[in-house]
Amino acid sequence: MTRIVIIGGGPGGYEAALVAAQLGAEVTVVDSDGLGGSAVLTDCVPSKTLIATAEVMTSFDSSYEELGIIVADDTPPDKQAARVVGVDLGKVNRRVKRLAVAQSHDITQSVTRAGVTVLRGKGRLEGRQDLDGSRAVVVETADGENLTLRADAVLISTGATPRELPDAQPDGERILTWTQVYDLDELPSELIVVGSGVTGAEFAGAYQALGSRVTLVSSRDRVLPGEDPDAAVVLEDVFRRRGMNVMSRSRAESAKRVGDKVEVTLSDGRVITGSHCLMAVGSIPNTADMGLEEAGVKLTESGHVKVDRVSRTSAPGVYAAGDCTGVLMLASVAAMQGRIAMYHSLGDAVQPLNLKTVSSNVFTDPEIATVGYTAGDVECGKMDAVCVKLPLRGNPRAKMQGIRDGFVKLFARPGTGIVVGGVVVAPRASELIHPISLAVDNNLTVEQVASAFTVYPSLSGSTAEGARQLHIRKREGAESGS
């Protein structure tokens, strides 16, 4: 029986464990914090649970008057316009933590039922491959024991932790990382968010919706510099319209507590003051002190594990998955990397990782979902494609729901009409991107997408309409060419 040792129980680790067990391997998972990893305990599940509350607040606050909803209470008539819905952050965070722990428990049960052994502790590789092809993994258990496991294949899936600036050290009370915000019992009155990437944008939007006055400090020209430019413009406009102070081209140098306030100093000397500061300036891989380089595993300058498309490292018999590889910081990608690693190591059929079929989502309001080739790929010549963008304000369902912001964008090959990418900016864009993902993954043409029935009225009708417009453009191009 093949012996598999997995170090790290996040999505890459526990999904790999399930596959390996199903394929008949003897599997041990070494994990220090609880199965599910940061995705379940401190990142995806907690943040999206918090955002779910924020979504309700935003939806109600922005559209209840237009939709004719009346809130019956004792607010005097002259104060009706100032009436708001409040939030109990302590109660919200208790629910966040409860759901995270419950999800971790469910994963643990699923893994152990599959026959996987779970060890609580920290693992590291010990030396290089032995003559019989096996490797030694040393585990320091939670109670201080040292165990040595023999493995025919090892998967490194140790994730990443929030990056900290030397002059902005988190204290867990006023200066926070995204793993510490769930310990707050009261809503920050003035929250400074440093970093305008996905994490920063999601938390900035969420806390603004919950009632905080938010300042978003961005070192770049716009928020979400890695996302579709049109989508980023929509989101930044929404942020500003809702009262957020978005500071572009502003780099934070330091953050310090001054009494019950936090002062953030920018590189140009300006000082911003708030009640709390959330540092969202990236992450660093958890690869230190694991004996990786000594075992022949090559790392990048940033400390990420170098892997190929079937999750192999430079060391025979050692694979890696998830955020510690830096391939694409998504739980879905980590899980796929872990599964691919086990398929490959156990001799099963395997398809190498294809990042151009990965769908991703930014859980802001509106959400931003993407799949396949991007506008940047088209502009730089990486992909020859035509594009159509349909604003949602023309969609009948969007009008009924009071949705003013957002669009559907499709990219297709000019000759064949094959759909190669798409962007959706809308409420629940994470649900609306799936038909475009199917089209990209299966090389469907705009004609095939356009000919499939959609419900009327529905937001997904804009996807079909976009495909129809691309079909017309393709036909007109063919006629003009002939």
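Predicted model: local features only at pLDDT ≥ 70, side-chain atom pairs only at ≥ 80, totals over all residues.
A salt bridge here is a side-chain nitrogen of Lys or Arg within 4 Å of a carboxyl oxygen of Asp or Glu. Residues are numbered from 1 along each chain as its sequence is written, and side-chain values use heavy atoms, with hydrogens and water left out.

## Salt bridges

How many salt bridges does the structure hold? There are 22. Let's look at some that involve Asp-230. Its side chain meets that of Lys-389 in a salt bridge, at 3.7 Å from N to O. This pair ties together distant parts of the chain, 159 residues apart: Lys-389 is in strand E20 (residues 386-391) and Asp-230 is in helix H6 (residues 229-241). The helices (H or I, at least four residues) and strands (E, at least two) are DSSP runs, numbered from the N terminus.

Asp-230 also forms a salt bridge with Lys-409, and here the closest N and O atoms are 2.8 Å apart. Again distant parts of the chain are linked, with Asp-230 in helix H6 and Lys-409 in strand E21 (residues 407-412), 179 residues apart. Step back and you get a network: salt bridges that share partners join Asp-228, Asp-230, Lys-389 and Lys-409.

Are these residues buried or exposed? We call a residue buried under 20% relative accessible area, exposed over 50%, and partly exposed in between (1.4 Å probe, protein chains only). Lys-409 is buried, because its relative accessible area is 3%. Lys-389 has 38%, so it counts as partly exposed. Asp-230, at 31%, is partly exposed too.

Another salt bridge brings together the side chains of Arg-124 and Glu-126, at 3.6 Å from N to O. Arg-124 has a relative accessible area of 32%, so it is partly exposed. Glu-126 is partly exposed as well, because its value is 40%.

| Salt bridge | N to O distance |
|---|---|
| Arg-124 and Glu-126 | 3.6 Å |
| Lys-389 and Asp-230 | 3.7 Å |
| Asp-230 and Lys-409 | 2.8 Å |

## A parallel sheet

Now for the strands. Five of them make an open sheet with parallel pairing, in the order E8-E15-E9-E10-E11. Strand E8 (175-176) and strand E11 (245-247) stand at the edges with a single partner strand each, so one side of each has no neighbour in the sheet.

Two strands count as paired if DSSP finds at least two bridges between them. Strand E9 (residues 190-194) pairs with strand E15 (residues 276-279) in the parallel sense, over four bridges. Within that pairing, Val-193 has Leu-278 in E15 as its bridge partner. E9 also pairs with E10 in the parallel sense, over five bridges, and Ile-192 stands opposite Thr-215 in E10. How covered is strand E10 (residues 213-217)? Mostly: four of its five residues are buried.

## A positive patch

On the surface, Lys-91, Arg-94, Arg-95 and Arg-98 gather in a patch of positive charge. Patches are made of residues with over 30% relative accessible area and no salt bridge, joining like charges within 9 Å and nonpolar side chains (Val, Leu, Ile, Met, Phe, Trp, Tyr) within 5 Å. Lys-91 sits in helix H4 (residues 89-113). With a relative accessible area of 58%, Lys-91 is exposed.

Most residues other than glycine have a negative phi, and most peptide bonds are trans. Here are some spots that go the other way.

A cis peptide bond joins Asp-365 and Pro-366, with omega about 5 degrees. Pro-366 is in the loop between strand E18 (359-362) and strand E19 (367-372). Tyr-456 and Pro-457 are also joined by a cis peptide bond, with omega about -5 degrees. Pro-457 belongs to the loop between helix H12 (446-451) and helix H13 (461-481).

Which way does phi go at Arg-428, positive or negative? It is positive, near 60 degrees. You'll find Arg-428 in the loop between strand E22 (419-426) and helix H10 (429-432). Arg-428 is partly exposed, because its relative accessible area is 47%. Asn-443 has a positive phi too, near 55 degrees, and lies in the loop between helix H11 (434-441) and H12.

Note on methods:
Areas by Shrake-Rupley, 256 points an atom, 1.4 Å probe, with all protein chains shown as cover. Lys, Arg positive; Asp, Glu negative; His and termini not counted. Charge placed at Lys NZ, Arg CZ, Asp CG, Glu CD.
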